[in-house]
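Let's take a walk through this structure by way of its aromatic rings. Here is what we'll be looking at.

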Amino acid sequence: MSQAAERARAFVAPRLAPIAWTLLTLVAGLSGRFLLPKGFFSKYIGDVLYTTLIYVLVFVARPREAPLRAALFATGLSFAIEFFQLTGWPAWLSSKHIVLRLIFGTWFSVWDLVAYVVGAALGLAIHLGIRALRGPRAA
C-alpha cells in the first residue's frame, strides 16, 4: 500500500464509527421531531439528541478526544446557542429556513438546558459503555 493510501486510511479509519453514530443520531433526532405526535417527548427528544449529535461530531473531528471533554464541549456549545436565542437573531435566522430553525431554535427555555445536559450525558454513557465492552484498548 502506498504512503498516501496509508495516510488516508489512518485518517478515515478512526472516524468511521463516529460518522455512523452521527447518521444514526440524526435519523433518531429528526424522526422523533417529525414522526412522533407533537408534545413534550417529541420536542425534548430532539433537544437531547441535538447535544448527543454535537458530542459525536467532536469524535468525527478529533477521534482521540477525551470523552469527558467532548461532553463538556457539546454541553457548552448547546448552552451558547440557547443563550444566543435571547438576542432574537436565532428567531430571525430560523424564519429563513427549516435547517436553521433546527440548528438555532427560536426562543430561550431553561428546560432546553436540562435536555442538553441529558444529551451530553447520554453520549458519554453510550461511548463509555461501548468502550468498556470493547476492552481497555478501544477508543
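Searching the whole structure turns up 7 aromatic pairs; rings of Phe, Tyr and Trp (for Trp, its six-membered ring) pair if their centres lie within 6.5 Å, and planes under 30 degrees apart count as stacked, over 60 as edge-to-face and the rest as tilted. Keep in mind that this is a predicted model, where local features need pLDDT of at least 70, side-chain atom pairs count only at pLDDT 80 or more, and totals for chains, interfaces and linings use all residues. Residues are numbered from 1 along each chain as its sequence is written, and side-chain values use heavy atoms, with hydrogens and water left out.

Start with Phe-84 and Phe-104: their ring centres are 6.4 Å apart and their planes sit at 65°, so this pair is edge-to-face. It ties together distant parts of the chain, since Phe-84 belongs to helix 4 (residues 67–84) and Phe-104 to helix 6 (residues 98–104), 20 residues apart. Helices here are DSSP runs (H or I, at least four residues), numbered from the N terminus. Phe-84, at 33% relative accessibility, is partly exposed, and Phe-104 is partly exposed too, at 21%; buried would be under 20% relative accessible area and exposed over 50%, with partly exposed in between (1.4 Å probe, protein chains only).

Next come Trp-89 and Trp-92, with centres 5.9 Å apart and planes at 80°, so they're edge-to-face. They're 3 residues apart in helix 5 (residues 89–94), so about one helical turn separates them. Trp-89 is exposed at 52%, while Trp-92 is partly exposed at 46%.

Finally, look for Phe-79, Phe-83 and Phe-108, which form one aromatic cluster.

Key:
Helix = DSSP H or I, 4+ residues; strand = E, 2+ residues; numbered from the N terminus.
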